[in-house]
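Hello,

Here is the structure for you to look over. My notes on what was found follow below it.

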Amino acid sequence: MIYAGYKKRPQGDEQYTPHHAVLPIIKYLPRNAVVWCPFDTENSEFVLALKEAGYKVEYSHIFTGQDFFEYEPQRWDIIVSNPPFSRKQEVVERCLTLGKPFALLLSNLWLNSNAPCRLFKQREMQMLLFDKRIHYSDKNAVFFGSSYFCHKVLPKQIIFENLATVKGEKSRMWRDMEKLRPI
């Protein structure tokens, strides 16, 4: 998910991760890990796919009163999610401060910023790259590529995966957001 209520005007920033984009990261997660999905609802594809794979999942969302910058579940081992596009740098900074492994689905355009260099200068940044773009909506008109930017998750610094896209697939999280989003 890209938009999570952190930006006043979400046009274009409001996209949710489809199921096929969650599946590639799962095989790299520790089997007994408690996964925190901090930008997600119960019908997020992250939450659903991780539970289907047998993981215990903690999820939270700003619209349910759990702001990632102020909230942390009691028990969790790793963060996996797609943070709000407009606050990605702050999210990565907080993840690094928390000191636990994470896998965040971010736009590859972030590599054009100096933030990754600055944030990961003393730490290893890992990336799970795809052979094609993730389509976040049924319009299939994404102009940027996305990758999982990770820390302490992957067995090596860069891994390439084939993405089995599903044309027109829409995240089930849209239904939750239609109920939760303030008007």
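**What was found**

The protein's secondary structure comes to five helices and seven strands. Helices (H or I, at least four residues) and strands (E, at least two) are DSSP runs, numbered from the N terminus. Along the sequence, the pattern reads α-β-α-β-β-α-β-α-β-β-β-α.

This is a predicted model, in which local features need pLDDT of at least 70, side-chain atom pairs count only at pLDDT 80 or more, and totals for chains, interfaces and linings use all residues. Residues are numbered from 1 along each chain as its sequence is written, and side-chain values use heavy atoms, with hydrogens and water left out.

Of the 183 residues, 54% count as buried. Buried means under 20% relative accessible area, exposed over 50%, and partly exposed in between (1.4 Å probe, protein chains only). Take contacts (heavy atoms within 4.5 Å) between residues at least 6 apart in sequence: 69% of them join residues at least 24 apart.

**Helices H1 and H2**

How is a pair of packed helices described? By the angle between their axes and the distance between the axes. The axes of H1 (residues 19-26) and H2 (residues 45-52) come within 9 Å and cross at roughly 45°. Axes are lines fitted to C-alpha atoms, for helices over the stretch in contact, and angles run from 0 to 180 degrees between N-to-C directions. H1 and H2 are therefore oblique to each other. Angles under 35 degrees count as roughly parallel, over 145 as roughly antiparallel, 65 to 115 as roughly perpendicular and the rest as oblique.

From H1, His 19, Val 22, Leu 23 and Ile 26 meet Glu 45, Phe 46, Ala 49, Leu 50 and Glu 52 of H2. These residues divide into six nonpolar, one polar and two charged. (Ala, Val, Leu, Ile, Met, Phe, Trp, Tyr, Cys and Pro count as nonpolar, Asp, Glu, Lys and Arg as charged, and the others, Gly among them, as polar.)

Leu 23 counts as partly exposed because its relative accessibility is 43%. Its C-alpha atom is separated by 9.4 Å from that of Ala 53, 30 residues apart along the chain.

**Two loop residues**

His 61 is in the loop between strand E2 (56-59) and strand E3 (78-81). His 61 has 0% relative accessibility, so it counts as buried. Its side chain reaches the backbone nitrogen of Phe 63 at 2.9 Å.

Lys 152 sits in the loop between strand E6 (146-151) and strand E7 (158-161). Lys 152 is exposed, with a relative accessible area of 53%. Its phi is positive, about 60°, although Lys 152 is not a glycine.

Best wishes

How values were computed:
Polar contact = N/O pair within 3.5 Å; in protein donor to acceptor, adjacent residues only side chain to side chain.
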